[in-house]
Amino acid sequence: QVQLVESGGGLVQPGGSLRLSCTASGNTFGITTMGWYRQAPGEQREMVATITRGGNTNYAESVKGRFTISRDNAKNTVYLQMNSLKPEDTAVYYCNADHLVRAPLWGQGTQVTVSS
């Protein structure tokens with residue numbers, strides 16, 4: 001079975017940086033677009049960034065210019081480089097993967113806390 005495992009979350013001060021990673025394991029054939037979503041306390045889950053197999057990207061307006069999504073298809077891994085972090089970025093970040101025939105896949109989530 002396919003699994004998505006995130007890592008790289010933690011506590012940082014405003015203005016700091018973090019790099020999240022998510023690796024798909026198992027039968028990864030058929031995975032297409034991958035992305036990152038986040039859910040802050042009391043808020044709905046929102047899209048942060050997505051990337052197709054070909055490298056086309058899409059970002060939420062709130063993170064444009066600060067976050068960069070990338071992927072390594074050979075390693076079945078997607079990354080999220082987060083710079084100039086703000087307290088408003090505090091949330092649980094979830095990895096997501098679309099599939100040609102299966103339902104979307106989700107990771108377990110990793111906590112990102114931006115606080116002084």
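# Strand pairing, a disulfide and ring contacts

Strand S3 and strand S8 (residues 77-82) run antiparallel and are joined by six bridges. Strands here are DSSP runs of E with at least two residues, numbered from the N terminus, and two of them pair if DSSP finds at least two bridges between them. This is a predicted model, where local features need pLDDT of at least 70 and side-chain atom pairs count only at pLDDT 80 or more, while totals for chains, interfaces and linings use all residues. Residues are numbered from 1 along each chain as its sequence is written, and side-chain values use heavy atoms, with hydrogens and water left out.

Back to the strands. Leu20 has Leu80 in S8 as its bridge partner, and Cys22 stands opposite Val78 in S8. S3 (residues 18-25) also runs antiparallel to S1 (residues 3-7), with five bridges joining the two. Here Ser7 has Ser21 in S3 for a bridge partner.

Put together, you get an open sheet of four strands in the order S1-S3-S8-S7, with antiparallel pairing. S1 and S7 are the edge strands, each pairing on one side only. On average, neighbouring strands of this sheet are turned by 15° against each other, ignoring direction; the axes behind such angles are lines fitted to C-alpha atoms, and angles run from 0 to 180 degrees between N-to-C directions.

Now for the cysteines. The structure holds one disulfide, the term being used for a pair of cysteine sulfur atoms within 2.5 Å. The partners are Cys22 and Cys95, with their sulfur atoms 2.1 Å apart. Cys22 sits in strand S3 and Cys95 in strand S9 (residues 91-99), so the pair ties together parts that are 73 residues apart in sequence. The torsion about the S-S bond of Cys22 and Cys95 is about -85°, so this disulfide is left-handed. Cys22 and Cys95 are both buried, with buried taken as under 20% relative accessible area, exposed as over 50% and partly exposed as in between (1.4 Å probe, protein chains only).

What about the aromatic rings? There is one aromatic pair in the structure. Rings of Phe, Tyr and Trp (its six-membered ring) count as a pair if their centres lie within 6.5 Å, and planes under 30 degrees apart are stacked, over 60 edge-to-face and the rest tilted. The ring centres of Tyr37 and Trp106 are 5.1 Å apart and their planes stand at 70°, so the pair is edge-to-face. Tyr37 belongs to strand S4 (residues 31-39) and Trp106 to strand S10 (residues 105-106), so this pair links distant parts of the chain, 69 residues apart.

Elsewhere, the charged end of Arg19 sits over the ring of Tyr79, 4.1 Å from its centre. A charge is taken to sit over a ring if NZ of Lys or CZ of Arg is within 6 Å of the ring centre and within 35 degrees of the ring normal.

Asn76, in the loop between strand S7 (67-72) and S8, has a phi near 55°, a positive value in a residue other than glycine. Ser84, found in the loop between S8 and S9, has a positive phi of about 50° although it is not a glycine either.

Here are some partly exposed residues:

| Residue | Relative accessible area |
|---|---|
| Tyr37 | 21% |
| Asn76 | 25% |
| Trp106 | 39% |
| Ser84 | 40% |
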